[in-house]
Amino acid sequence: QAVDELPEHYRTAFNLCVRQGRTYAQAGRELNLPTGSVPTRIMRARKRLFGELGRHLGRLRRPPACLQD
């Protein structure tokens, strides 16, 4: 779900390379981008994903309310 909520330009590059296994060059050609722009978009997508997922993980690490002081 977090991937689906990424801005389209990050989501598309992420899906092509990470989920579908395309190279940066292949994704760049498909997206009409310089090859170097593809890993930048993927890095920014991952940063957003880690930030979003980190918020959820933080909630999971807290003890239940009944155990908090």
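The pLDDT is the predictor's confidence in each residue, on a scale from 0 to 100. In this predicted model, local features require a pLDDT of at least 70 and side-chain atom pairs count only at pLDDT 80 or more, whereas totals for chains, interfaces and linings use all residues. Residues are numbered from 1 along each chain as its sequence is written, and side-chain values use heavy atoms, with hydrogens and water left out. The chain contains 3 helices and 0 strands, in the order α-α-α along the sequence.

**Confidence and secondary structure**

- Helices (H or I, at least four residues) and strands (E, at least two) are DSSP runs, numbered from the N terminus.
- The mean pLDDT of the chain is 87, and 83% of the residues score at least 70.
- Among the elements of the chain, H2 has the highest mean pLDDT (97) and H3 the lowest (85).

**Burial and nonpolar core**

- Of the 69 residues in the chain, 22% are buried; buried denotes under 20% relative accessible area, exposed over 50%, and partly exposed the range in between (1.4 Å probe, protein chains only).
- A nonpolar core is a set of buried Ala, Val, Leu, Ile, Met, Phe, Trp, Tyr and Cys residues joined through side-chain atoms within 4.5 Å.
- The largest such core has 12 residues: Val-3, Leu-6, Tyr-10, Ala-13, Phe-14, Leu-16, Cys-17, Ala-27, Val-38, Ile-42, Ala-45 and Leu-49.
- Helix H1 (8-19) and H3 are the elements that give two or more residues to this core, and H1 gives the most, with 5 residues.
- In soluble globular proteins, nonpolar side chains tend to be buried together.

**Contacts**

- A contact is defined by heavy atoms within 4.5 Å.
- Leaving aside residues up to four places away in sequence, Cys-17 touches Arg-22, Thr-23, Tyr-24, Ala-27, Val-38 and Ile-42.
- Of the contacts in the chain with a separation of 6 or more, 47% are between residues 24 or more positions apart.

**Salt bridge**

- The count is 1 salt bridge, defined as a side-chain nitrogen of Lys or Arg within 4 Å of a carboxyl oxygen of Asp or Glu.
- The side chains of Arg-22 and Glu-30 form a salt bridge, at 3.5 Å from N to O.
- Arg-22 counts as partly exposed because its relative accessibility is 29%, and Glu-30 is likewise classed as partly exposed, at 48%.

**Loop residue Asn-32**

- Asn-32 lies in the loop between helix H2 (24-31) and helix H3 (37-61).
- Although not a glycine, Asn-32 has a positive phi of about 60°.
- Asn-32 counts as exposed because its relative accessibility is 72%.
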